[in-house]
Each structure stands twice: as C-alpha cells, then as structure tokens.
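Have the sequence and the 3D view open side by side, and take your time. We will walk through a few places together.

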Amino acid sequence: MQIHVTINGEKRTLTIAPHERLLRVLRREAYFSVKFGDEHGLTGSDTVLLDGEPVNAQTMLAAQADGHDILTLEGLGSSRNLHILQQCFIETGAIQSGYTTPAQILVAYALLQRNPNPTEAEIREALAGVLDRETGYVKVVQAIQRASAILRGEDVPPFQPLERAIPAPPGLFDVPFELPNPDDFGSDAVQTRTRTIPAVVVSPPEIQEMKTIGKPEPKVDAVKLAAGKPVYADDIEMRGMLHAAMLTSPHAHARIVKIDASKARALPGVHAVLTHEDIPRVYYASGGQSYPNPLPYDQVSLDNKVRHVGDRVAVVAAETPEIAREALKLIDVTYEVLPAVFDPLEAMQPGAPVIHDEPDVEGIYDAQRNIVHHIHAEAGDAQAQWAKADHIFEGEYCVHQVQQCSIEPHIVVTWWDEDDRLVIRTSTQVPFHVRRMIAPLLGLPVKRIRVIKPRIGGGFGGKQEMLIEDLCAHLTIATGRPVRFEYSREQEFTSARSRHPQVLRFKTGVTKDGEVVASELYIAGNTGAYGTHGLTVQMVSGFRGLSTYNAPYSKFVCDVVYTNIPTPGAYRGYGAPQALHALEVHMEEIAQALGMDVIEFKRKNWIKKDEPLIMAVALGEGREGKPQVVTTTALDECVEIGARAVHWYEKRGKPRHVPGKPHLKRGIGMAVAMHGTGIAGLDMGAASIKLNDDGSFNLLFGATDLGTGADTVLAQIAAETLGVPVEDIIVYAADTDMTPFDTGAYASSTTYISGGAVLKAAEKVRQQILSHAAKYLLNCEPDELELEDRLVKHQDGRSVTLEQVALHSLHQENQHQIMATASHMSEISPPPFAAQFAEVIVDTQTGQVTVERLLMAVDCGIAINPITASGQVEGGMVQALGYAHCEEMAYDQAGRPLATNFREYHIYRADEMPELDVIFVETYEPSGPFGAKAVAEIPKDAVAPALSSAIFDATGVRIRDLPYTPERVWQALRK
Amino acid sequence: MIKQYIRPLKLAEALELAKQPATIVIAGGAMAFRGFDLPYETMVDLQAIPELNHIETYDTTLEFGGACSLQRVLDTPDLPQTLKQALRRTIPRNIRNNTSIGESLQVDDPPREWLAGLAALDAGVRFGEDEVVHPLIELLENNALKQGVIRAVFIPKIEPGEALSASYVARTPADEPIVNVAAFVRVDNTNIVETAFAAFCGVSTQVVTVIHLENLEGHLFNQDAIAQTIKPIPTLLNPPNDYKGSSDYRREMATVCLRRALESALQAV
C-alpha cells in the first residue's frame with residue numbers, strides 16, 4: 001500500500017506493507033535517528049513527532065501516519081546547522097552514548113513549542129517517556145533549561161558546568177540545599193522535585209592548571225550524536241541482508257529429544273535454519289576476557305540441552321523479520337523436561353538436578369553438585385587475629401539479579417567482504433576478544449575475521465560477552481548473505497546477561513576498641529546456567545568485600561553455583577556492588593552494636609595511604625593477583641566534605657518526619673566504597689598516533705567508548721601532550737583491522753590503561769616532532785623546544801607551526817611519517833574511593849521508600865574531563881539506585897521470567913529522580929595519565945548500603961536484603 | 001500479522017468492518033501494539049471518524065469519543081484531578097498521545113489507576129450504535145468491556161459535595177502500583193454520605209475490584225466512619241501472591257490505601 005506523509009517538511013509517498021511499524025519504515029528511508037529500544041515503546045528511543053506531538057514509532061503502524069506530518073531529529077538540525085537544543089545538549093554534557101539523545105531532543109522541542117518557559121518539573125514530565133540509562137537526566141534537564149532560555153531571547157552567560165576550588169575554601173559546602181516541599185510526599189502527584197547543581201571539584205593545591213586536562217571539553221563524538229547520524233551497529237543497510245531470529249527454550253531445564261526444522265526451512269523467504277544438528281560442537285566460555293579465558297568451557301553455540309528459559313534452541317535467517325519469526329513457530333521441538341533448581345544453596349545439595357551432565361565439558365569443579373568453582377583464599381595469621389577479637393559479629397545478606405538494560409539491545413551484522421573475510425559489525429565492549437573467541441567456533445582463522453565496533457548505545461558490562469555474534473556469523477556462513485541479528489527487549493531479559501545474585505555471610509572479629517582484626521566472607525554465587533564471568537565476578541566480590549577495611553586476617557570462601565536462571569555475567573561494578581552492600585551494612589551493624597559513631601568506626605578501620613591490600617595477591621581476577629598498595633586516597637576528605645554538604649551531623653540520629661505526616665519518617669545514610677582501576681597485570685591497551693599535513697593528528701586505539709566519554713578523555717590526553725586543542729585530534733576506534741589491540745572496556749580501565757598507552761604514544765610523537773623541528777627548522781637541540789598552541793616553540797621566542805613540521809617531514813627533507821604506537825599495562829590498580837550519602841523518606845504504613853537525594857564525593861584521581869566524569873557518577877548512582885530500590889529479575893516456580901519489559905521491570909524515569917549531587921575530591925595518582933584513576937564503576941558500589949543506612953536512621957530497622965521493596969521494609973517494621 | 005489496513009470515515013462502515021474475523025478496531029495503538037507480531041489480519045483505524053473524536057462538556061458529565069487520545073482527555077479542563085494524576089503518573093506523554101480512551105479500556109492490562117478512578121466515579125461506556133450507556137462497573141464485573149467498538153466514554157464531573165480520591169503503593173514514584181485504590185464519596189449538605197464506592201487494583205485476579213461502601217452511606221463522613229468502613233475490607237479481598245507483593249501485604253495495603261483515599265476525600269468534600 002502507499003501512504004502520503006510529510007517527513008521533516010518534505011512530502012513523501014512511501015510504499016509500505018500494512019503490518020509495518022513506522023519505526024521500520026522510517027529507518028528504511030534512512031531516518032536513522034529513530035531507534036529501536038524495545039517492542040513495547042516503553043524506552044521512548046523510537047520517539048518521533050507526529051503533527052508536533054511525541055509518539056512511539058515502534059507501537060504505531062506506518063499506515064496510521066498516512067496524511068500526517070512527521071518530524072525526526074534529522075529535520076530539526078544537521079551537524080552543520082545544529083538547533084539550539086542540539087548545541088545545548090553538547091555544551092552541557094547531556095550526551096553519553098547518544099542512543100536516546102534524538103528522542104530526548106524531540107520531546108524537548110515539542111515541549112518548548114507548546115511552552116517556551118517550562119519549569120523543571122514540566123521538563124522532567126516531558127522527558128518521562130524517554131528512558132535514559134546513562135546520564136541520570138541531570139545534564140539533559142540542564143540542556144533543555146539552557147536552550148529554552150536562549151530560545152526565549154534571554155541573555156544567557158557561557159555554560160559553567162563546574163565550580164572548581166583549589167583547595168576548597170571554608171564554607172564552600174555549607175550551601176543551604178533546598179529540600180523539596182514536604183507536602184509532596186505521600187501524595188499521588190507526579191514527584192518532580194529534583195534540582196540540579198553543578199558538579200564541584202576540589203583539587204589538591206599542587207595541581208597545575210593545564211590546557212585541556214581537567215577541562216570540560218565537549219565530547220569528540222557529540223556533534224554526530226546530537227545530529228542523530230547513523231553511527232550505531234544497526235545503522236547500516238546492505239544489499240541482500242537477511243534477518244535473524246532465535247528460538248529459545250520455554251523450559252528451565254530440558255533435553256531436546258527431537259528437533260525437526262523441515263517445515264521452517266520450507267517456508268518461502270527462509271534461507272537457513274540452524275539447530276544443534278547443524279553446527280559443530282565446540283566448547284567455549286562466552287565471557288569477553290583475556291586469553292586464556294577462565295574455565296569452564298561449558299557452552300556450545302547450539303546444544304541438545306537447554307538450561308534456562310530463554311536458552312538457545314535454533315536460529316533462522318530469512319528475508320524479513322516477520323518471516324524469520326514465523327519460521328520459528330514451524331520448528332518442531334520435542335523436549336524431555338527435567339527438574340530444575342534456582343537457588344544456589346539448594347543446587348549444591350545431594351540429589352539436586354545436575355545442570356551440566358555432559359561428559360565432555362571442561363573445567364567444572366564438581367559438576368554433580370553444580371559447583372562450577374570453589375574458591376578458598378586467605379591471608380594473615382588466623383589464630384593470632386581471632387585471639388585478639390573481643391567481639392565476633394556475623395551476618396547474612398542476600399542480593400538479587402538485575403539486568404544492565406542498555407537501551408540499545410545486543411545487535412550485530414555479519415557479512416563476507418570482497419576478500420572472503422568475515423566482517424562482524426557489533427555493539428560490543430570487547431572487539432578483540434570477540435575476534436579471538438569466535439574464530440574456533442566458526443572454524444576460521446583469526447586473520448579471516450574483522451570485528452568493527454561502531455558507536456555503542458550503552459553496555460554496562462552486558463556487552464563484555466561474545467553473546468550473539470557466533471550465531472549471526474554461522475548464519476552468514478550458511479547463507480553467504482549479510483545477516484542482521486538483534487535481541488528483542490524480552491530476550492535481553494531472558495537470553496542476555498545480568499548481575500549475579502549472591503548469598504553473602506560475613507564473620508568479623510573486632511576488639512573492644514573497635515578495631516577490626518579478622519574478617520571472613522563466604523559467598524554462594526549464582527552463575528545461572530553457564531559459568532562465563534562466574535569465577536572472576538565472585539573473586540572480585542571477595543577482594544572488594546575484604547579490602548576496604550583490610551583486616552589483618554582475611555579469608556574468602558566461595559562456591560560459584562550453576563542454577564537454571566538466565567546466566568548472569570559482567571555488569572558495571574562486577575561483583576563489588578554485591579560485596580560492598582553486605583560489607584557496609586555489616587560494618588554499620590557492628591558500629592551500632594559497639595555504640596560507636598558509624599563514621600568514626602569506619603574511619604578507624606578503613607584502609608589508609610601506603611597500606612597494602614591484604615587479599616590482593618590471593619584474589620586476582622581468574623588468576624593470581626599482584627601486590628597492591630594504596631598510593632593515593634582522599635577517602636577521609638570525601639567523607640568529611642560529603643557529610644558537610646548533606647548536613648550529616650545535624651541530621652543523623654535525629655528523629656525527623658514530614659510535618660503533619662508522622663508516618664513519613666526521614667532518614668540519612670552513608671556508605672563508603674573502594675574500587676579498582678583496571679586489572680593489575682592483565683589489562684593492556686595500545687594506541688597509534690600520526691601527524692597529518694595540517695598539523696592535526698589521527699589517534700587510533702582499540703579501546704571502546706560505551707558512551708562514557710572515553711574517546712574524548714583519550715583525545716584530551718593526546719592533545720595536552722601534543723600542544724593542540726582537542727579538535728585537532730581525530731579519533732578512530734575500534735576496529736580489529738585498523739586499530740591496535742585493547743582488552744576492551746571493562747574494569748574501569750580505559751582512562752588509566754588505554755590512556756597510558758595514548759600518553760606514551762603521544763610522548764613518542766612529541767619527541768619526533770621536536771627532533772625534526774630542532775634539526776631541520778629551528779637549528780637547535782630538541783630539549784630547547786616545547787609544544788604549545790599548535791606551535792613548536794623555542795625558548796628564544798622563535799617558533800614553527802605543527803603544519804610546517806608536518807609538511808616538511810612528509811614532503812621536503814628526510815621524508816618520513818611522524819607517528820608512533822605504544823602499549824600500556826600496569827602491575828598496579830590504584831583504587832578510587834568514594835563516600836556515598838542518601839536521604840530517604842520511609843512511609844511506615846506501607847514500607848514505601850522515597851529517595852530524596854543521593855550525593856557522592858569521589859576521589860578518582862584527577863578528573864581528566866570533569867563533565868564526562870560527573871556524568872558517569874550521576875548515571876552510575878541512578879543505576880545503583882535501581883539495584884537497591886526497584887529493579888528485580890523475578891521468576892515463577894517454573895523459572896519463567898516475570899519481568900521482561902519496562903512496565904514490569906521499572907527503571908528510574910526523569911520525573912521521579914532524587915536530587916543528584918557529585919563532588920570530586922581529587923588526588924594525583926602518579927601511575928595514572930596526568931594523575932587519573934578510575935570513575936566508571938565506583939558510583940555503583942555504595943548506593944544500596946547508603947539507602948539501608950538511611951532507612952535505619954529513619955525507622956530503626958535494618959534491611960539486609962535487596963531490593964528495598966515496600967513489602968520488605970513493611971515486614972521489617974512489623975517485627 | 002496485519003495484512004489489511006482500513007481507515008473508514010464513517011462509524012457505520014467501521015462497525016461493519018469490525019464484524020470481520022481477526023480484526024482489531026482501534027485508534028492509537030501505543031498500548032495495544034506492544035510486541036512484534038499482532039494476532040490480527042485487519043486493522044480498522046478509527047482516527048478519521050468524527051463521531052469518535054469529539055469531546056463534549058455537559059453540566060455534570062464529560063463525553064469523550066472512543067478515539068480521543070488520552071492526552072486530549074488529560075487536557076480537558078473539567079476532568080477530575082484524580083484522573084489527571086492517574087493518567088500522568090505512570091503513562092508518559094508519548095504513550096498518552098497514541099492511546100485512545102477506548103483502547104485504554106480494552107487492552108489486556110489497562111492502566112490500573114486510570115481504570116480504578118473511572119470505576120469508582122461510575123463512568124459509563126457506549127458501544128457502537130447502541131444508545132445505552134453501560135456503567136463501567138457493570139462491564140468490569142461481567143468482563144464485557146471488549147464487546148464492541150467503544151463509541152464514547154462518559155465521565156462525571158466532580159460536583160460540590162463530591163470527591164474522587166486515590167492512593168497507591170509502589171516501589172518508586174512512577175512505578176506501576178502494587179495496590180491502588182480510588183474512592184468516590186458524595187455527601188449531602190449535612191455531611192452525611194449519600195454514595196460511596198471504592199475501586200481496587202492489585203487485590204484480586206480481576207484488574208479492578210469495585211466495592212460499594214454501603215457501611216459508609218447514611219453516616220456522617222468523618223474519621224470514625226472511615227475507620228469503621230475500612231475494617232471489613234481485608235475479608236472481602238482475595239489478593240494474588242507474587243514478587244511485587246504477597247497476599248497478606250496486598251490485603252493490608254488495600255486497607256491503608258482506602259483509608260488514605262477516604263481521608264483525602266474527607267478533606268475535599
């Protein structure tokens with residue numbers, strides 16, 4: 001059928017099928033700014049304006065748009081002619097991965113069309129339909145506020161995102177933060193009570209001002225993201241491309257007795273159907289980790305047994321997605337349903353169903369008891385330290401399973417190139433690992449595989465996995481055609497990865513003076529159906545759980561256990577959020593029992609500068625670790641500055657309730673966190689830099705920017721070293737054919753590890769420039785020269801431009817390419833530290849917890865780019881809030897997931913956010929590039945225990961298990 | 001899969017088309033078209049039928065054509081505030097824009113606070129060419145909301161002496177409610193309750209459970225009367241037991257939410 005529409009002001013006649021959604025048609029017509037986020041229209045990434053009003057293109061037939069006017073982001077402004085809203089999104093740092101940015105800008109545009117002067121509450125309500133998993137919405141709101149003022153013609157000063165204090169003057173943090181109107185609480189009104197303040201940076205006095213380091217440089221990819229350009233894995237169309245669909249198991253545990261795909265294969269439009277009968281049985285571990293991948297190798301691409309609801313059964317490639325899905329219905333599978341087990345403690349009991357009973361699997365510790373790994377690590381003198389303990393405290397804590405929920409689902413496109421090499425264009429955090437890991441599964445040598453990582457619409461660890469690339473590649477091999485394979489949102493919940501649920505038991509020995517002398521941690525870690533990251537995540541849990549307070553005797557015992565839940569894997573924080581929740585609640589319980597102030601008790605015991613981390617050697621990640629010493633820490637300052645900012649001392653322990661509503665009790669809580677910066681002795685990044693004719697530089701690296709701003713930070717490191725503005729650094733990453741190796745984006749490593757590589761490469765290039773200029777242009781020694789402002793400057797005032805150096809070295813004399821490649825790894829992993837504060841209101845009649853405010857004071861070393869770093873903290877805190885408060889992967893008794901969409905699995909919306917504040921308390925980490933440590937994961941670590949602390953302050957009840965649902969709090973209050 | 005898309009201009013034509021098998025007759029779709037593959041072969045789109053897109057304001061009632069979007073409903077000045085809050089709290093604007101009022105009542109999992117509010121307020125529904133306005137409560141009880149094309153929804157205005165109030169419990173301020181209650185109370189000029197209804201969600205296998213608060217009627221509307229009214233509520237409910245809330249919790253919350261809704265109503269009348 002034909003429809004007549006006006007798209008971005010242009011009248012169009014389009015031929016469509018009646019069933020086609022508007023999203024598909026618009027993308028087919030190259031309006032790639034309209035994104036798929038879910039099949040329910042609940043992410044809002046599919047938003048377009050229909051006759052000026054936002055609607056979801058995924059939940060609307062294209063036919064319904066006939067006769068209407070459609071606006072996509074492409075119609076609002078282009079990269080060469082940005083709309084004010086787009087400009088403000090760039091200036092304020094509102095863009096991280098950019099996947100939902102087009103939708104956010106469109107709803108903002110629609111809002112400003114009908115209301116040029118909106119309140120913050122109105123802005124937040126307008127944004128409510130576009131979920132953002134990255135920014136915490138703070139900078140998005142700021143961008144819209146700023147744009148609205150500019151569009152009204154107001155005299156708007158330059159954007160000042162930061163209040164920098166070197167060092168903090170007295171009274172800086174005595175800001176009289178406004179609290180929301182108490183009467184709002186407990187009402188049925190939409191709660192839009194968030195206020196945004198600039199991030200604050202407190203720097204040590206010895207820090208020198210630099211040209212680009214420490215400056216809020218706009219992201220190097222911001223313009224194309226603000227313009228909605230086709231930069232993601234799915235933003236490509238290839239002639240003859242087929243669409244994949246995957247049949248998944250309806251049973252939690254079953255054997256495939258018979259599978260008949262003949263009817264599916266016979267369906268017109270179907271090009272391939274693959275089952276376990278069609279693919280070689282090659283064992284592997286899907287976690288994207290360094291060689292050799294930790295055991296067990298317990299997966300094959302398609303198996304004759306399924307181990308969780310959502311497990312792989314078969315894949316289809318067909319002419320259209322509809323045909324592919326129709327073919328799935330025609331695959332006849334006979335299952336022998338087996339007993340299933342979901343609880344890790346039950347799974348270890350004799351008689352429990354054996355989940356991996358295949359005889360040829362490699363590396364399972366005790367398959368009959370479903371124990372994948374048994375970890376035992378200890379350090380110190382047990383007898384001596386336990387003998388010092390006057391008190392012994394024990395506690396059990398349970399943490400649950402949550403999903404990463406990147407708004408861009410897993411998506412991959414594969415094809416054969418003209419040299420018969422397999423190209424894999426995929427949304428991955430680990431392109432080089434994918435290339436190495438997929439090769440044996442496909443029976444291809446690594447040299448015949450190229451992995452391209454375009455922009456990624458969020459990852460959070462969920463894409464640190466070789467998850468669907470193998471199936472898509474098998475379909476390309478089978479058909480010879482390009483194949484596109486994208487998970488649905490439901491599959492993200494059933495067939496992707498998630499955070500490991502754990503049962504944690506702490507036993508801690510303390511002297512009568514409050515000194516922690518011994519600590520033991522047992523964890524039963526639920527790794528679901530497959531091992532993947534099971535070993536390393538639990539090892540990190542043990543390391544993190546036993547390091548902040550660094551007891552002289554520490555012991556970690558862990559069982560990593562198979563069950564029949566969908567497989568957990570890497571998720572931002574990687575075992576630390578689980579452990580630090582249990583640890584911090586446990587420590588507060590001890591302080592309470594000893595009658596000590598919680599901050600004083602923690603301060604007495606937390607690890608100090610120059611102290612070794614006692615468990616560092618015993619607990620590496622999947623292998624023996626490296627000795628670690630705390631080289632820099634501002635934890636004391638973070639706690640003190642944060643406490644003053646939230647008026648901790650005035651509020652903590654003081655009964656407070658909402659006036660006129662005694663059942664609404666207020667509480668304030670805190671927790672501390674220590675994380676890592678890359679994996680010591682394991683992570684490696686490499687970078688290449690070359691000088692161009694005009695004095696600009698190409699910077700190539702294998703590091704993968706998930707939206708964090710890593711590309712920008714790495715460009716800033718190069719720019720600072722080479723004396724040019726960031727705009728002169730042309731970044732390209734990551735492509736296994738074109739860029740140097742990098743282990744990938746995980747473990748908070750990119751700034752520190754990949755940044756170290758960039759710094760080294762830039763230093764080499766700098767030396768080459770200085771040498772060439774000294775010898776051929778300035779007739780001096782290189783050490784008499786400096787690079788600054790695009791110039792090679794001599795001490796005597798003479799200078800030549802970088803362009804002159806480039807042209808001379810390339811074309812005129814001693815011709816050569818000025819370029820360098822460097823690699824970097826680190827034997828140490830200097831920890832960042834943070835103090836997390838939370839303020840809540842607890843409804844004592846319902847148990848409902850309303851979070852009023854989260855503030856994190858962070859020591860991440862030098863914040864190379866405070867605006868992207870604060871975005872990391874804001875977004876991380878909100879993800880952590882979801883973990884603590886509302887997100888939950890739940891199952892029925894048969895193991896069927898109950899929350900597979902964003903109506904049942906709620907993630908925080910813009911119009912219900914607590915106030916978010918970030919304070920950077922900088923240290924200078926000598927091993928890091930320009931003093932940097934990590935910032936990406938630590939925001940995930942301490943929100944849950946800080947909320948527990950606040951709930952305790954409000955009500956006197958201690959909640960040990962996550963999430964803090966109304967019923968869990970209500971039940972605790974009734975005890 | 002949808003194989004045919006039809007956009008009739010007249011109601012009679014739409015009603016005739018609706019008789020075809022495997023046909024969905026709807027305006028909007030933001031709630032109905034969730035998921036990839038729709039179990040229909042024909043979509044009859046009601047967006048161009050004038051009789052289904054009108055909004056009329058009468059002395060005591062608002063009339064919305066079945067194809068009116070929830071956003072247009074929300075923008076109607078006389079719509080009771082409690083219903084506005086119900087539309088706003090969990091349903092974002094982009095979904096309100098492409099969900100018709102008829103659709104919102106006929107989808108499998110309708111928005112709970114919206115439905116509870118309408119039920120408590122004794123909204124009415126008119127189907128097709130039928131002149132009869134059916135009480136929503138009756139349709140809910142008889143599971144008859146999907147009997148045909150919703151031509152119009154009639155929502156009473158709040159008059160002096162009347163109040164529609166609501167309360168909910170949820171994990172976060174914008175999350176779907178675990179339990180929610182809407183209560184409608186009408187008192188006479190001596191503050192004696194003439195009529196009182198409560199509509200609950202999350203307390204039974206049905207989407208909405210409506211309870212006629214007869215104990216309250218004929219009594220002075222005050223805290224004592226509210227206390228007496230909520231007492232028997234737990235015994236009247238048989239809530240489900242799931243990860244969002246146990247039966248016991250839901251039963252208790254039904255009482256708490258009803259009390260709060262009635263207390264709000266007491267303030268409002």
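Predicted model: local features only at pLDDT ≥ 70, side-chain atom pairs only at ≥ 80, totals over all residues.

Residues are numbered from 1 along each chain as its sequence is written, chains are lettered from A and ligands numbered from 1 in the order in which they are written, and side-chain values use heavy atoms, leaving out hydrogens and water.

The contact (heavy atoms within 4.5 Å) takes 61 residues from chain A and 56 residues from chain B. The size of an interface is often given as the accessible area lost when the parts come together. Here the buried area (the accessible area, with a 1.4 Å probe, that two parts lose on being put together, summed over both) is about 5,100 Å², and carbon and sulfur atoms give 50% of it. Ten salt bridges (a side-chain nitrogen of Lys or Arg within 4 Å of a carboxyl oxygen of Asp or Glu) are counted between the two chains. The side chains of B:Arg88 and A:Glu125 meet in a salt bridge at 3.0 Å, N to O.

Now find helix 5 of chain A, residues 138-151. Helices (H or I, at least four residues) and strands (E, at least two) are DSSP runs, numbered from the N terminus. Is this helix largely enclosed or largely open? Eleven of its 14 residues are buried (under 20% relative accessible area; exposed is over 50% and partly exposed in between, with a 1.4 Å probe and protein chains only), so helix 5 is largely enclosed by the rest of the structure. Among the buried residues are A:Val138, A:Ile144 and A:Ala149. Their cover includes helix 2 (84-91) and strand 34 (915-921) of chain A. After helix 5 comes A:Gly153, with a positive phi near 90 degrees.

A:Cys405 has a positive phi near 60 degrees, though the residue is not glycine, and A:Cys405 is buried at 0% relative accessible area. A:Asp789, also not glycine, has a positive phi near 55 degrees, but A:Asp789 counts as partly exposed at 42%. The peptide bond from A:Tyr291 to A:Pro292 is cis, with omega near -10 degrees; A:Pro292 sits in the loop between strand 10 (270-274) and strand 11 (305-306).

Notes
Expected span 1.5 Å × (residues − 1).
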